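This report covers contacts, salt bridges, sheet pairing, cores and a helix. The model comes next.

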Amino acid sequence: MAILSVLKRQSKALLAVVAALFILVPAAYAMRVSPMVVEMETRGTSAVARIEVQNINPGKLAFQTRVYRREIDKDGKITETPADDKFLIFPPQGALPPGGRQVIRLQWVGDPEIPTSQAYYVSVEQLPVAFEPGTEDSASAQVQVLYNMRALVVVAPPGAKPDVKPTDVRQAEYQPPALPGATEKPPLQDGVAVTLRNDGRRHAMMANFGWHLEGTDRDGKFLRVDVSPEELSRVVGTGYVPAQGERTFNLPVPGFGPGPIKLTFAK
């Protein structure tokens with residue numbers, strides 16, 4: 001499949017850059033946050049959720065939580081505003097020993113009658129800690145790397161549902177995002193631009209579905225490409241489409257001609 005080979009090349013290049021960055025770090029602490037995507041509702045038992053923080057490296061981990069409202073436009077531009085008042089979080093901060101875990105409880109305390117889904121980031125921010133005198137870290141570490149991990153939390157009205165339809169699917173050349181540390185823009189990518197419209201009151205995570213693209217190639221011959229949820233998640237993340245909003249996604253699926261392209265979804 002064409003998209004799979006493109007994704008593998010992009011993933012290998014990104015991993016190489018990430019590996020190089022970690023080699024340059026003399027000493028660091030790290031944490032794990034799970035789950036990374038949380039879906040809640042404004043009332044009832046679904047108005048409460050839990051996120052676990054784990055300290056996965058040697059050394060004490062101190063952290064605090066912050067909440068940001070996340071609004072995203074059609075082209076994927078994200079706007080963030082502080083929103084700590086929308087959730088009751090316990091504990092809001094903590095300290096974990098090596099290998100320690102902490103369950104953080106989230107409770108929605110915002111408007112119980114919101115008309116449509118709202119998206120937030122719960123940010124778990126590592127805090128600096130003083131090294132204990134006489135330890136190897138206190139003698140050798142010159143830089144303390146602080147991690148900031150975020151969980152996407154989406155809150156929806158009870159009973160609300162998404163209603164997603166493709167409004168524009170076409171062959172397009174687009175500019176892929178540059179890899180971390182790159183000094184030049186990558187070349188234009190031949191692919192497919194997909195615009196999805198959600199007329200429902202609930203958000204949609206479209207990477208949970210398989211996408212089937214049907215059209216013709218540049219010679220007018222029939223062409224079908226199936227894109228799995230795993231492949232989609234590498235390109236579009238969750239494929240989040242806001243309630244009563246639009247998103248345009250660029251897929252690295254080469255080969256389609258300028259004719260119409262049909263898009264269908266499958267579980």
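## A buried loop residue

Thr-116 sits in the loop between β8 (101-108) and β9 (118-127). Strands here are DSSP E runs of at least two residues, helices are H or I runs of at least four, and both are numbered from the N terminus. Thr-116 is buried, at a relative accessible area of 18%. Buried stands for under 20% relative accessible area, exposed for over 50%, and partly exposed for the range in between (1.4 Å probe, protein chains only). Beyond residues up to four places away in sequence, Thr-116 touches Val-155, Pro-157, Arg-201, Ala-243 and Gln-244. Contact requires heavy atoms within 4.5 Å.

## Basis of the values

This is a predicted model: local features need pLDDT of at least 70, side-chain atom pairs count only at pLDDT 80 or more, and totals for chains, interfaces and linings use all residues. Residues are numbered from 1 along each chain as its sequence is written, and side-chain values use heavy atoms, with hydrogens and water left out.

## The open sheet

Four strands form an open sheet in the order β1-β3-β8-β6, with antiparallel pairing. Two strands count as paired if DSSP finds at least two bridges between them. β1 (31-34) and β6 (87-90) are the edge strands; each has a single partner, so one side of each lacks a neighbour in the sheet. From one strand to the next, the twist averages 20°. Axes are lines fitted to C-alpha atoms, for helices over the stretch in contact, and angles run from 0 to 180 degrees between N-to-C directions.

β1 pairs with strand β3 (residues 48-55) in the antiparallel sense, over 4 bridges. Arg-32 stands opposite Gln-54 in β3. Ser-34 also belongs to strand β1. Ser-34 is partly exposed at 32% relative accessibility. Setting aside neighbours within four places in sequence, Ser-34 contacts Ile-51 and Glu-52. What C-alpha distance separates Ser-34 from Ala-151, 117 residues apart along the chain? The separation is 7.6 Å.

## Nonpolar cores

In soluble globular proteins, nonpolar side chains tend to be buried together. A nonpolar core is a set of buried Ala, Val, Leu, Ile, Met, Phe, Trp, Tyr and Cys residues joined through side-chain atoms within 4.5 Å. The largest one has 25 residues. Met-40, Val-53, Phe-87, Leu-106, Trp-108, Val-153 and Val-155 touch the most other members. Two or more residues come from each of β1, β2 (37-41), β3, β4 (61-72), β6, β8, β9 and β10.

Take Leu-106. Neighbours within four places in sequence aside, Leu-106 contacts Met-40, Ala-47, Val-48, Ala-49, Ile-51, Phe-87, Leu-88, Ile-89, Val-122 and Val-153. Apart from this core lies another, of 21 residues, among them Val-169, Val-194, Met-206 and Leu-251.

## Salt bridges

Side chains of opposite charge can pair when their charged atoms come close. The rule for a salt bridge is a side-chain nitrogen of Lys or Arg within 4 Å of a carboxyl oxygen of Asp or Glu. By this rule the count is 13. Arg-150 and Glu-80 form one of them, at 2.6 Å from N to O. This pair links distant parts of the chain: Arg-150 is in strand β10 (residues 148-156) and Glu-80 in strand β5 (residues 78-82), 70 residues apart. Arg-150 is partly exposed, at 27% relative accessible area. Glu-80 is partly exposed too, at 33%.

Arg-218 bridges to Asp-190, with the closest N and O atoms 2.6 Å apart. Arg-218 lies in the loop between β14 (210-216) and β15 (222-227), and Asp-190 in strand β12 (residues 189-198), so the pair ties together parts 28 residues apart in sequence. Arg-218 is exposed, at 53%, whereas Asp-190 is buried, at 15%. Asp-199 and Arg-197 meet at 2.9 Å, N to O. Asp-199 is partly exposed at 44%, and Arg-197 is partly exposed at 26%. Glu-39, Glu-41 and Arg-202 are linked in a network of salt bridges.

## Helix α3

Which residues of helix α3 (residues 229-236) are buried? They are Glu-231, Leu-232 and Val-236. Their arc around the axis is only 105°, which puts them on the same side of α3. The arc is taken from the directions from the helix axis to the C-beta atoms. Just after α3, Gly-237 takes a positive phi of about 65°.
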